[in-house]
Amino acid sequence: MSAETAGAADDALLSLLGALEALGYDFVTPLNSTLRTVRSRREVARAGNLRDVLGWSLPFSPGSLGSEIEDLLLAADAVRDAGAQRRVTIRVSRVEGALFLHSAYPPGENGGVFLGPDSYRFARFTRSQLHGGQVRRVCDMGAGAGVGGITAAKALGEFEELRLTDVNPTALRFARINAVHAGVAATPLQASGAGADDASFDLILANPPFIADSQRPYSDGGDELGIELSVAWAAQAMERLIPGGRLLLYTGAPVVDGEDRLRAKLEYETAGRDCRLEYEEIDPDIFGGELRRPAYATVERIAAIGAVVTRA
């Protein structure tokens with residue numbers, strides 16, 4: 001796709017978000033298991049039902065969505081033929097009042113941009129921690145669709161820079177469009193962590209992948225029962241915080257024989273860097289189906305946690 005064609009496609013996606021807002025579109029993305037259950041109840045979208053197509057990722061008949069929406073999807077190159085039906089390659093969900101583009105179900109192996117229940121918990125955790133104090137420079141590490149950074153920017157109101165980083169160019173594309181639609185000025189950067197420069201930040205946000213032995217890049221948290229990436233991102237973030245700056249980390253923590261393996265690692269990392277750790281268990285049991293896999297043979301539950309690391 002040429003730069004000119006890509007620009008036109010992005011403009012169409014931005015216009016799509018605006019059109020959906022005007023129509024009062026709303027959708028909350030559930031777990032994939034829930035999505036599969038709902039999809040199994042019907043095979044094709046009901047005529048004109050945008051939630052079926054842009055939320056539940058059901059195939060639709062050409063001409064059944066209304067000319068404006070279908071024309072925008074075609075202009076965005078977001079429609080694929082599926083026999084006599086068509087499918088879209090994107091989903092649109094509402095988080096904390098804002099619409100977000102992300103990948104259709106099932107997300108692609110390499111270019112997939114995931115948004116789900118963890119995104120909603122991450123956004124609520126982020127918003128709950130933004131109370132008082134001036135924040136100038138913000139970085140959302142591994143931003144994905146940009147939920148954390150955009151939620152923070154809307155809550156802060158005034159700031160100098162919002163950096164959105166990700167190794168996935170599709171994620172950065174969606175995050176940039178989502179930010180423009182939300183009225184948030186953001187700087188997308190294709191990079192791992194906070195970027196290769198030496199920039200420092202008042203606030204760093206992170207919602208890293210945390211599933212062990214995953215075959216999907218957007219959910220693979222690496223070794224040590226999936227906590228490797230969370231620990232690595234936290235350690236890098238601590239080095240990039242200004243004095244008094246904070247890291248807001250939302251992730252999953254495996255619990256083995258009553259011990260939270262992630263908490264022990266974060267306590268060690270913060271103690272060595274003159275940082276203070278506040279640690280909260282947000283949900284005691286998420287993604288219970290993962291425990292049936294061999295990688296989790298020793299794990300009794302996966303908890304959703306929110307950690308606040310403050311640099312002295």
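Rings of Phe, Tyr and Trp (its six-membered ring) pair if their centres lie within 6.5 Å; planes under 30 degrees apart count as stacked, over 60 as edge-to-face and the rest as tilted. By this rule there are three aromatic pairs. The model is predicted: local features need pLDDT of at least 70, side-chain atom pairs count only at pLDDT 80 or more, and totals for chains, interfaces and linings use all residues. Residues are numbered from 1 along each chain as its sequence is written, and side-chain values use heavy atoms, with hydrogens and water left out.

**Aromatic pairs and a charge over a ring**

- The ring centres of Phe-27 and Trp-56 are 4.9 Å apart and the planes stand at 90 degrees, so this pair is edge-to-face.
- This pair links distant parts of the chain, 29 residues apart: Phe-27 is in the loop between helix H1 (3–22) and helix H2 (32–40), and Trp-56 is in the loop between helix H3 (50–54) and helix H4 (67–75). Helices (H or I, at least four residues) and strands (E, at least two) are DSSP runs, numbered from the N terminus.
- Phe-27 and Trp-56 are buried. Buried means under 20% relative accessible area, exposed over 50%, partly exposed in between (1.4 Å probe, protein chains only).
- Phe-122 and Tyr-250 form a tilted pair, 6.3 Å centre to centre with 35 degrees between the planes.
- Phe-122 in helix H5 (residues 117–128) and Tyr-250 in strand E11 (residues 241–256) are 128 residues apart. Both are buried.
- The charged end of Arg-137 sits over the ring of Phe-201, 4.9 Å from its centre. The rule asks for NZ of Lys or CZ of Arg within 6 Å of the ring centre and within 35 degrees of the ring normal.

- Strand E1 (residues 79–82) and E2 pair in the antiparallel sense over four bridges. Two strands pair if DSSP finds at least two bridges between them.
- Ala-82 has Gln-85 as its bridge partner in E2.
- Two residues lie between the strands of this hairpin, and Gly-83 in the turn has a positive phi of about 70 degrees.
- The covered face of E2 carries Arg-86 and Val-88, while Gln-85 and Arg-87 are on the uncovered one.

**Second largest pocket**

- The second largest pocket has a volume of about 330 Å³. A pocket is an open set of points on a 1 Å grid over the protein atoms alone, where a 1.4 Å probe fits, with protein on both sides within 12 Å along at least five of seven lines; lining residues have an atom within 4 Å of a point.
- Its lining has 24 residues, and Val-88, Thr-89, Ile-90, Ser-103 and Ala-104 lie nearest the centre.
- Strand E2 (85–88) and helix H7 (169–182) are the elements giving two or more residues to this lining. H7 provides the largest share, three residues.

**Helix H6**

- Seven of the 10 residues of helix H6 (residues 147–156) are buried, so H6 is largely enclosed by the rest of the structure.
- The buried residues include Val-147, Ile-150 and Ala-153.
- Gly-157 follows H6 and has a positive phi, near 85 degrees.

**Backbone points to check by eye**

- Tyr-105 and Pro-106 are joined by a cis peptide bond, with omega about -10 degrees. Pro-106 is in the loop between strand E4 (98–103) and H5.
- Asp-77 is not a glycine, yet has a positive phi of about 55 degrees. Asp-77 lies in the loop between H4 and E1 and is partly exposed at 38% relative accessibility.
- Leu-225, also not a glycine, has a positive phi of about 60 degrees. Leu-225 lies in helix H8 (residues 223–226) and is buried, with a relative accessible area of 19%.

Note on methods:
Points joined across faces, edges and corners; volume = space filled by probe spheres on them.
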